[in-house]
Amino acid sequence: MALTVTRFASTFGSSSALVRLMLGNSYLQQDFRALSLWRAGHFHASFFCSVASEDGGGTNNNEFQRWHNGEGTFHKSARIDPTAVVDVGAVVHSKAVLGAHAHIGSGAVVGPSVTIGHSTKIWYNVTLSNCTIGDLCVIHNGVCIGQDGFGFLVDEHGTMIKKPQLLYARIGNNVEIGANTCIDRGSWRDTIIGNHSKIDNLVQIGHNVVIGKNCLLCGQVGIAGSATIGDYVTMGGRVAVLDHVSIVSKVRLAATSCVTKDIVKPGDYGGFPAVPIQEWRRQVAMQSRISKKQNP
């Protein structure tokens, strides 16, 4: 059967001509299905690569190569330390920089304007663009860093116009970022995450946000654009911070709190809007007493 296919291919001059013949001939279709899976798969791949190059719609992969340590794909203009690992299925784009012992997991995409420090681990399906990531960081599955922030203007005609997002997201050293967290790039200043800060899963950090060192952000925290967070700040689950709000260092926020104005004194806060924790507890106790009186 292999000999028959070879003869037909030589007769008609190309694999694409052979395929067109086989689509119209049931006898040849039956014979072709008798080929091994490997031969059929090899023929299928060769055929479609040929078509892509003929019609101009295929991607020119001449600039991309296989990395020796992990079999991932990298652009030849990328700067990758020889000790770095790029797992199969990962892509490192042009002019990206990978430090010593960096590890890029399968499915991750490292964009053209990305620098990754030494010994940093990028897990599966992470997308990085317009950002720098420091040394000894851990970026968990599905994280997106450096995409455009949510910024729009309304012109005199009432039309929404996108505000340019042209700056970077800069992640410090020893930072850990949980799965499916998103950190936007800056528009008027870089988005910054300080050294040794730890961020849980499903956290949203808007453009131009600055977060200090040794901060702890629990799951589903949302920080709107241009907020400024000091050092050693802890945010419980589902804390919300409004845009342009400033929080001084050494503040702890109870879960589900909402910060609507600047916090200028260190301490514990809670509630909506967030107030000092003792005041919030008094509010909760008072509401409970009122509710009991109204509904004995």
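This is a guided tour of selected side chains, stop by stop, in a predicted model. Residues are numbered from 1 along each chain as its sequence is written, and side-chain values use heavy atoms, with hydrogens and water left out. Because the model is predicted, local features need pLDDT of at least 70 and side-chain atom pairs count only at pLDDT 80 or more, while totals for chains, interfaces and linings use all residues.

**Cysteines**

Begin by selecting Cys 137, in the loop between β12 (131–133) and β13 (138–139); helices (H or I, at least four residues) and strands (E, at least two) are DSSP runs, numbered from the N terminus. Cys 137 has 1% relative accessibility and therefore counts as buried, where buried means under 20% relative accessible area, exposed over 50%, and partly exposed in between (1.4 Å probe, protein chains only). A search of the whole structure finds 0 disulfides, a disulfide being a pair of cysteine sulfur atoms within 2.5 Å. Cys 182, accordingly, is in no disulfide, and its nearest cysteine sulfur, that of Cys 144, is 4.8 Å away.

**Aromatic rings**

Next, colour the aromatic side chains, among which the search of the whole structure finds 3 aromatic pairs. Rings of Phe, Tyr and Trp (its six-membered ring) pair if their centres lie within 6.5 Å, and planes under 30 degrees apart count as stacked, over 60 as edge-to-face and the rest as tilted. In one of the pairs, the ring centres of Trp 123 and Tyr 124 are 5.6 Å apart and the planes stand at 85 degrees, so this pair is edge-to-face. Trp 123 is partly exposed at 30%, and Tyr 124 is partly exposed at 38%. Phe 150 and Phe 152 also form an edge-to-face pair, with 5.2 Å centre to centre and 75 degrees between the planes.

Return to Trp 123 and show Lys 121, which lies over the face of that ring at 4.2 Å from its centre; a charge sits over a ring if NZ of Lys or CZ of Arg is within 6 Å of the ring centre and within 35 degrees of the ring normal.

**Salt bridges**

Finally, look for charged pairs: the count comes to 5 salt bridges, each a side-chain nitrogen of Lys or Arg within 4 Å of a carboxyl oxygen of Asp or Glu. Select Lys 76 and Glu 63, whose side chains meet at 3.4 Å, N to O. Then select Asp 190 and Arg 170, whose closest N and O atoms are 2.7 Å apart. This pair links distant parts of the chain, 20 residues apart, with Asp 190 in the loop between β19 and β20 and Arg 170 in strand β17 (residues 169–171). Asp 190 is buried at 19%, while Arg 170 is partly exposed at 31%. End by selecting Asp 148, Lys 162 and Arg 185, which salt bridges with shared partners join into one network.
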